[in-house]
Amino acid sequence: MLFELWQNTLRRSADEVAWLDVARRVHLTFRDLDDRVKRRAPNARGTLIPASTREGALEFAIQTLCAWRDAGVLIPYESQCPNLAELEGLPEGIAHVKLTSGSTGHSRFILFREEQLLADFQNIRSTMGFDAPHPNLGVISVAHSYGFSHLILPLLLMGKPLWHVANPLPESMRSAFARGQPLFLPAVPAMWRAWSLAGLLKDAPIHLAMSAGAPLHLELEAEVYDGCGLKIHNFYGASELSLIHISEPTRPRLI
């Protein structure tokens with residue numbers, strides 16, 4: 001299902017910009033992404049496919065497409081690969097495993113079928129107005145549930161371009177803002193605070209500002225809104241509220 005939707009994106013937007021490296025001023029089209037996927041050897045159906053961000057968000061997107069193509073189970077992670085033995089014997093049809101600490105600090109797995117990932121994306125798309133023709137600015141980890149849903153899925157399932165910056169420091173952000181293109185910007189509270197203190201948000205071309213990953217304090221939200229009229233939309237807690245406690249980490253449950 002998801003790979004078929006990617007194929008639809010490819011047919012609609014093959015020669016449009018999919019990925020832009022702001023600092024290097026180089027880009028890849030959706031056809032370029034597809035060519036990279038075609039060069040990858042296929043995995044056996046149902047293979048567990050760990051995907052890290054060590055080689056960057058672009059490589060992560062390619063790994064995601066390969067997992068979809070091969071009906072594999074994508075397991076995003078940031079620093080340390082989870083113990084794959086803990087995921088043996090998954091229910092039939094699982095396509096994606098999210099690893100989150102939830103609200104307790106203990107790692108938990110959330111298991112998704114393709115239709116559940118798609119429903120999550122469609123809900124975010126309709127709620128946040130992702131159909132607006134503005135790129136996403138990638139400053140958060142795409143291996144995290146937040147980044148995957150707000151950056152990778154819009155890129156692959158609807159053709160929303162992803163702009164990459166080297167880091168969230170003011171200098172890098174100014175380079176992106178200087179292009180003058182209205183942007184969707186998912187970030188975390190610490191980033192919003194740093195950007196606010198640096199005076200970066202005044203007149204910044206941000207079409208939609210989002211925050212998750214940690215609690216967004218009302219003082220910060222008010223500070224940004226009062227200072228430059230930018231409303232930050234809070235997404236914190238979306239995954240945590242849906243978790244079922246897993247007392248035995250080797251026996252993840254499907255929700």
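Of the contacts in the chain with a separation of 6 or more, 61% are between residues 24 or more positions apart. Contact here means heavy atoms within 4.5 Å. This is a predicted model, in which local features need pLDDT of at least 70, side-chain atom pairs count only at pLDDT 80 or more, and totals for chains, interfaces and linings use all residues. Residues are numbered from 1 along each chain as its sequence is written, and side-chain values use heavy atoms, with hydrogens and water left out.

Now take the overall build. The chain has 8 helices and 11 strands. Both are DSSP runs numbered from the N terminus: helices are H or I with at least four residues, strands are E with at least two. The chain holds 255 residues, and 49% of them are buried. Buried means under 20% relative accessible area, exposed means over 50%, and partly exposed lies in between (1.4 Å probe, protein chains only). The accessible surface of the chain is about 12500 Å². Carbon and sulfur atoms own 49% of that surface. The areas come from the Shrake-Rupley method with a 1.4 Å probe, and for residues only the protein chains shown count as cover.

Next, the rings. A pair of aromatic rings is described by the distance of the centres and the angle of the planes. Rings of Phe, Tyr and Trp (its six-membered ring) pair if their centres lie within 6.5 Å; planes under 30 degrees apart are stacked, over 60 edge-to-face, and the rest tilted. The whole structure contains 4 aromatic pairs. One of them joins F130 and F184. Why is this pair edge-to-face? The ring planes stand at 90°, with the centres 5.2 Å apart, so the pair is edge-to-face. F130 sits in the loop between α4 (114-128) and β7 (136-138), while F184 belongs to strand β9 (residues 183-187).

W192 and W195 form another edge-to-face pair, 5.1 Å centre to centre, with 85° between the planes. These two lie in helix α7 (residues 189-197), 3 residues apart, about one turn of the helix. W192 and W195 are both buried.

Charges meet rings too. A charge sits over a ring if NZ of Lys or CZ of Arg is within 6 Å of the ring centre and within 35 degrees of the ring normal. The charged end of K160 sits over the F130 ring, 5.9 Å from its centre. K98 does likewise over F112, at 4.7 Å.

Last, look at Q63 in helix α3 (residues 57-69). Is Q63 buried or exposed? Its relative accessibility is 18%, so Q63 counts as buried. Leaving out residues up to four places away in sequence, Q63 touches A51, S52 and L74.
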